[in-house]
Amino acid sequence: MMRDIKYKKPIDPFEEIIFQKAEEKIEFDDFNLWYDDNYVLKDIDIEIKSNMITAFMGPSGCGKSSLLRSINRMNDLIPECRYTGEIEIDGIDINSPNTDVYELRKKVGMVFQKSNPFPMSIYDNVAYGPRIHKMANRNLLDQLVERSLREAALWEEVSDRLDDDSLSLSGGQQQRLCIARAIAVEPEIILLDEPCSALDPIATAKIEVLMRKLKEKYTVVLVTHNLQQAARVSDMTAFMYLGKIIEFDRTKEIFENPREELTENYITGKFG
Amino acid sequence: MDKLRKEKIFFSLFKLISLSIVSIVLITLFFIFANGLSVFNLDFLTRPPEQGMLGGGISSPIAGTIMIMMLTVIFAIPLGVGAAIFLSEYKENVDPKVVRIIRLAINNLAGVPSIVYGLLGLGLFVLFMNLGFSVLSASLTLSFLTLPVIIAASEEAIKNVPHFYREASLALGATKWETIRNVVLPSALPGILTACILGLSRAAGETAPLLMTGAAYYLPRFSWNIFRQFMALSTHIFYMATQSPNPDLTRPIQYGTISLLLFIVVSMNMTAILLRAHYRRKLR
C-alpha cells in the first residue's frame with residue numbers, strides 16, 4: 001500500500017477505500033506445481049481479494065491457466081500433477097485431506113476458454129448444478145434458473161425459449177450460459193479461463209460488462225492473454241512469466257508504473 | 001497413349017470387381033425374396049408348423065427368436081455397456097496390466113467361432129449351471145457372443161464424447177459417476193444404441209449356438225416359458241433344409257423363413273446406419 005505514495009500519484013479516496021476494505025479471499029502460500037518433471041508454477045505467494053477482478057496475464061505457457069485450475073483443483077484430473085505449498089480459501093487449506101473437493105468446486109465456479117454448454121436445453125444446462133447438489137425443489141429451481149440467467153445478462157434473450165437446445169445459441173450467448181450455469185450453484189469465487197478468446201468484439205464487450213457486475217457479488221479471477229482486457233476490467237493484475245509471478249499490483253500501477261522491466265517489455269509489446 | 005489405355009483397363013477391372021460384389025448381394029436378395037414373398041401371408045406368420053412340419057406357418061420360430069433376442073438384450077446391454085464404461089472411464093483406477101488382460105480377452109472373444117460359443121453354452125449354462133436346454137441358456141450364450149461387438153462400439157461412443165463436457169460437469173462439483181450418468185452416457189447414447197442393434201442383428205442370425213443350447217426340431221405346444229426348449233428362425237431354416245423327411249416339399253417354408261430373417265437383420269442394420277448418420281449430422 002505504501003508504494004502508491006512513493007510514486008506521488010494523486011490518490012483517489014474512493015478507490016482507496018475499496019482496496020483497503022477488500023478482504024482476503026484466496027491466498028497462495030509458497031505454492032509450487034509440477035506436471036511430471038515440468039516445473040510449471042514456481043513459488044507463488046499472492047493474495048487475491050474478495051469482490052474484485054484479479055487478472056492473470058502473460059505469454060502462453062507461463063502457467064496462468066495451471067494456476068487458475070489449482071484453485072478449484074481441476075489439476076486433480078491430471079495424474080502426473082504434483083504440488084507443494086498451500087492454497088487457502090477463507091483461511092482453509094483446500095488441498096488438505098479433509099477438503100471435500102466437490103464442495104470446493106461448488107464454491108469455486110469455473111468458465112472455460114471454449115464455451116462448453118451441455119447438449120441439453122438452456123434450462124437443463126443452468127439447472128444441472130443445482131440438481132446435482134440437490135439445492136432446490138422444482139418451484140425453487142425455476143426461480144434459481146431465472147435468477148442465474150438474469151445475473152449472467154442472458155435472461156432477456158432466452159426467457160421465451162428455455163427449452164431450446166443450448167447449441168442453438170450464438171457463441172457469446174453460449175459463454176454467458178456457461179457463466180449462468182456456474183452461478184447457479186451459488187459459488188463465492190468465479191474462475192474465468194480466457195472466456196473471450198473465441199468471441200467477437202461485441203460479445204466480448206458484453207462479457208466484460210458482465211464481469212464488472214459479477215464482482216459485486218463474487219470474487220472473480222480472470223486469466224487472459226489479452227492485455228487490453230486485463231487493463232479494462234480488472235482491479236488487480238498479475239504478470240506471469242515462465243511459472244513465476246513477476247509483478248502483482250493494482251491494475252493501474254501495473255500498466256502505468258510497472259516496476260519490473262519484464263512487465264514493461266510485455267505491456268509495451270516487446271515480447272508476448 | 002499406351003499409359004492411358006493401361007489406366008483405363010485397370011479402372012474398368014476394379015469397377016467390374018466392385019460391381020460384381022454388389023450384384024452378388026442383389027441377386028441373392030432378389031432370389032430369396034422372389035421365392036419367399038409368395039409364401040408370405042397372415043397365416044404363414046401366425047400359424048405354427050403343421051402336417052408333420054411340411055406345412056403351416058412359422059409362428060413358434062418367430063416367437064422363439066423374439067424371446068431370445070429380448071433376453072439377450074437384457075443380459076448383454078448392461079454387461080457390455082458396463083464393461084465399456086469401465087474400460088473408457090475407470091481404467092486409471094486399476095493396474096494397466098489388468099486392463100490389458102481384459103482387452104485381450106474381449107478381442108479374443110470377438111474372434112471365437114460361434115460353434116465354440118455353442119459348446120461354451122452347452123458346458124456352462126446347460127450342464128454346469130443346470131439351466132437345461134432352454135431359452136435362458138441360449139440367450140445367455142448369445143449375449144456372450146454379442147458382448148465384444150457391444151463393448152467395442154460402446155467404448156468408442158463413450159470416448160467420442162468431448163472432454164470439455166466432462167470438465168464442465170466436474171467443475172460444477174459433480175462426481176465422476178454423476179458426470180458419466182448425466183453427461184457422458186446421454187451424449188454417447190445414440191452410439192451405444194447403434195452398437196447394441198448391430199450386436200443383436202448378429203445374434204439374430206446365429207444358428208450353431210442355438211443348436212447346442214436348446215433349439216428344438218419341433219415343439220407341439222408353444223410356450224413363453226424361458227426354461228423350456230424353443231424353436232427359432234435360424235435353426236428352423238437349418239432343420240427344414242437338412243432334417244426334414246422331404247426337403248423339397250418344405251422349400252417354400254425355407255424361403256419364407258429366410259426372407260423374414262433377412263428382413264429382420266437388414267432392417268436392424270439399416271436402423272443402426274440411419275441412427276449413426278443422424279447422430280453424426282447432429283454433432284456438427
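Helices (H or I, at least four residues) and strands (E, at least two) are DSSP runs, numbered from the N terminus. The model is predicted, so local features need pLDDT of at least 70 and side-chain atom pairs count only at pLDDT 80 or more, while totals for chains, interfaces and linings use all residues. Residues are numbered from 1 along each chain as its sequence is written, and chains are lettered from A and ligands numbered from 1 in the order in which they are written.

**Figure 1. Overall view of chain B, with 11 helices and 2 strands.** Along the sequence, the elements of chain B come in the order α-α-β-β-α-α-α-α-α-α-α-α-α. The C-alpha trace of chain B spans about 75 × 70 × 35 Å along its principal axes. Of the 284 residues in chain B, 38% are buried; a residue is buried if 20 or more other C-beta atoms lie within 10 Å of its own, exposed if 12 or fewer, and partly exposed in between, with C-beta atoms placed from the backbone. Two residues are in contact if their C-beta atoms, placed from the backbone, lie within 7 Å. Among the contacts in chain B between residues at least 6 apart in sequence, 76% join residues at least 24 apart.

**Figure 2. Helix 3 and helix 8 of chain B, packed at an angle of about 135°.** The axes of helix 3 (residues 59-89) and helix 8 of chain B are 9 Å apart. Axes are lines fitted to C-alpha atoms, for helices over the stretch in contact, and angles run from 0 to 180 degrees between N-to-C directions. Helix 3 of chain B is therefore oblique to helix 8 of chain B; angles under 35 degrees count as roughly parallel, over 145 as roughly antiparallel, 65 to 115 as roughly perpendicular and the rest as oblique. The crossing of helix 3 of chain B with helix 8 of chain B is right-handed. A crossing is left-handed if the near helix is turned anticlockwise from the far one by less than a right angle, and right-handed if clockwise. Helix 3 of chain B contributes residues including B:T65, B:M69, B:V73 and B:E89 to this contact, and helix 8 of chain B contributes residues including B:I180, B:I192, B:C196 and B:L200. By class, the contact of helix 3 with helix 8 of chain B has 12 nonpolar, 3 polar and 1 charged residues. Ala, Val, Leu, Ile, Met, Phe, Trp, Tyr, Cys and Pro count as nonpolar, Asp, Glu, Lys and Arg as charged, and the others, Gly among them, as polar.

**Figure 3. Helix 3 and helix 6 of chain B, with axes that come within 6 Å.** Helix 6 covers residues 135-159 of chain B, and its axis crosses that of helix 3 of chain B at roughly 35°. Helix 3 and helix 6 of chain B form a right-handed crossing. The contact of helix 3 with helix 6 of chain B comprises 21 nonpolar, 7 polar and 3 charged residues.

**Figure 4. Helix 7 and helix 8 of chain B, packed at an angle of about 160°.** The axes of helix 7 and helix 8 of chain B are 10 Å apart, and the two helices are therefore roughly antiparallel to each other. Their crossing, between helix 7 and helix 8 of chain B, is right-handed. The contact joins B:Y165, B:R166, B:S169 and B:L170 of helix 7 of chain B to B:T179, B:N182, B:V183, B:V184 and B:S187 of helix 8 of chain B. These residues of the contact between helix 7 and helix 8 of chain B divide into 4 nonpolar, 4 polar and 1 charged.

**Figure 5. The contact between chain B and chain A, with 14 residues from chain B and 20 residues from chain A.** On the side of chain B that touches chain A, the elements that give two or more residues are helix 7 (163-171) and helix 8 (176-205) of chain B. Helix 7 of chain B gives the most to this side, with 6 residues. The side of chain B that touches chain A consists of 8 nonpolar, 3 polar and 3 charged residues.

**Figure 6. A:I189 in strand 8 (residues 189-193) of chain A.** A:I189 counts as buried because it has 21 C-beta neighbours inside 10 Å. Apart from neighbours within four places in sequence, A:I189 is in contact with A:K25, A:I26, A:K107, A:V108, A:Y218, A:T219 and A:V221.
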